[in-house]
Amino acid sequence: MTQSDTNADKTDSSTLADELKRQAAALGFELAGIAPAAAPDSLAHLEIWLDRGFSGRMEYIPRRREAYAHPGSVLESVRSVVMLAAHYNSGTDEGATDDSAGDLPGDTAAAAPRIARYARSSADYHDVLKTRLKQLANWLHEQRPGCRTRGVVDTAPLLERDFARRAGLGWFGKNTMLINKRRGSWFFLAALLTDVELPADAPHETAHCGTCTRCLDACPTDAFPEPHVLDARRCISYLTIELRGEPIPEDLRPGVGQWLFGCDVCQDVCPWNRKAPQTTDPQWTPVLAQAPETIAETLQLDESDFRKRYRKHPIWRIGRDGLIRNACIVAGNLGDKRFVPDLTRLLEDDSPLVRGAAAWALGRLGGEPARQSLAARSENEDDPSAAHEIATALSRLSSGDRSSGPASPVSSKTGNAPCRS
């Protein structure tokens, strides 16, 4: 091959990369960059994180530990990793209480539960982004017949943030999120792996968090043992989404506050998100924020109602029992005794997980009706975990100890965030 042929190939690849980015933008990806297929820079960080047990019950991460070492485990012949970002910022959380004031809303029974911004639309971002990746891959196949591609959205052993930084999309914030100067951190990441060699973009070498620690200080459950390190076991997003079939640890329940699904605390307080533009993409229209279900209505959902409402929504992931567990925790944190009848009914629920959460909430709310309901259920509760929750709630009410009872709708700190990005 002559020098002129080599130069022509480089020009052709650069043109292809530029056009690929334009196609990505037309499909709804506001950011696009290209990284070379190589071992991720943060692999050692992942190893230490796993060794410290911070992945919690997310067994799929340590199970695929070795696969994270190179993107070749996702696509064997990969030469380039195209990193893409879709902006989802839908605006402020109108259902939230005023954390700075520390006051409960006037009508807590009608209070809207807090749902992470990424999950407020009727669309599951996995489905939307996979469809767009497929369209982008099809375009590339038209340009390079016979090439190989694979789209990734959150589910393959790929350190997306690492390759996004390499592709120039942003830096790692102290809250572990990828941050972009123009977009903040309100975006989904997706990757298109290909065996087509494309010119790589300059990596984002600098960080712009400075001495700011707002995200670390605001976390209601102290999920950051140090900057750039998240203990997922304490993260509200993990507790309300990833911890399935188990009770939320009792000492972390007050910090959950009003969060029914996910959490945005560390993103809400980030200065780089102050001027982050709101999305105009109709896929991320905040349906739940426009017509929020109240906590009382959520507590009343049966399996049929849950299926009808959430069949195509991200909340479907946690199932009806997980959702009701979370709603019980929120009800207990809100401290409104008008929840007692619904919680009492849930003491007879088929799910021990729900019964246990309802018992905890009744113990938080207190009062003679709550005590009587718990005492009655204690006589025929046959599940050890639920029985323990009931006994603990009764003990608290009998001793008058409500030190862990509702004092603030969120936490003693500030704030209001998917273990994502």
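A cavity is a set of grid points where a 1.4 Å probe fits but cannot get out, and its lining residues have an atom within 4 Å of a point. The views below come from a predicted model.

**View 1. Lining of the second largest cavity.** The second largest cavity in the predicted model is lined by Pro247, Ile248, Arg253, Arg325, Ile329, Ala357 and Glu389. Its volume is about 30 Å³. By class, the lining comprises 4 nonpolar and 3 charged residues, with no polar ones.

**View 2. Packing of α13 against α15.** Helix α15 spans residues 352–365, and its axis lies 8 Å from that of α13, at an angle of about 5°. Angles under 35 degrees count as roughly parallel, so α13 is roughly parallel to α15. On the α13 side, the contact is formed by Arg320, Asp321, Ile324, Arg325, Cys328, Ile329, Ala331, Gly332 and Asn333. The α15 side contributes Leu353, Val354, Ala357, Ala358, Trp360, Ala361, Arg364 and Leu365. Sorted by class, the contact residues are 11 nonpolar, 2 polar and 4 charged. Arg325, Ile329 and Ala357, which take part in this contact, also line the second largest cavity.

**View 3. Crossing of α12 and α13.** Helix α12 covers residues 303–310 and helix α13 covers residues 319–334; their axes come within 9 Å and cross at roughly 95°. Glu303, Phe306 and Tyr310 of α12 meet Gly319, Arg320 and Leu323 of α13. The residues of this contact divide into 3 nonpolar, 1 polar and 2 charged. Arg320 of α13 touches α12 here and is also part of the contact between α13 and α15.

**View 4. Crossing of α16 and α17.** The axes of helix α16 (residues 368–378) and helix α17 (residues 384–399) come within 10 Å, crossing at roughly 140°. The crossing is left-handed. From α16, the contact involves Arg371, Leu374, Ala375, Arg377 and Ser378; from α17, Ile390, Ala393, Leu394 and Leu397. By class, this contact has 6 nonpolar, 1 polar and 2 charged residues. Glu389, within the residue range of α17, lines the second largest cavity.

Methods. Residues numbered from 1 in each chain as written. Predicted model: local features only at pLDDT ≥ 70, side-chain atom pairs only at ≥ 80, totals over all residues. Heavy atoms only, no water. 1 Å grid on protein atoms, 1.4 Å probe; cavity = no way out; pocket = protein on both sides within 12 Å on 5 of 7 lines; lining within 4 Å. Points joined across faces, edges and corners; volume = space filled by probe spheres on them. Nonpolar A, V, L, I, M, F, W, Y, C, P; charged D, E, K, R; others polar. Axes fitted to C-alpha atoms, helices over the stretch in contact; angles between N-to-C directions. Helix = DSSP H or I, 4+ residues; strand = E, 2+ residues; numbered from the N terminus. Left-handed = near helix turned anticlockwise from the far one by under 90°. Contact = heavy atoms within 4.5 Å. Parallel < 35°, antiparallel > 145°, perpendicular 65-115°, else oblique.
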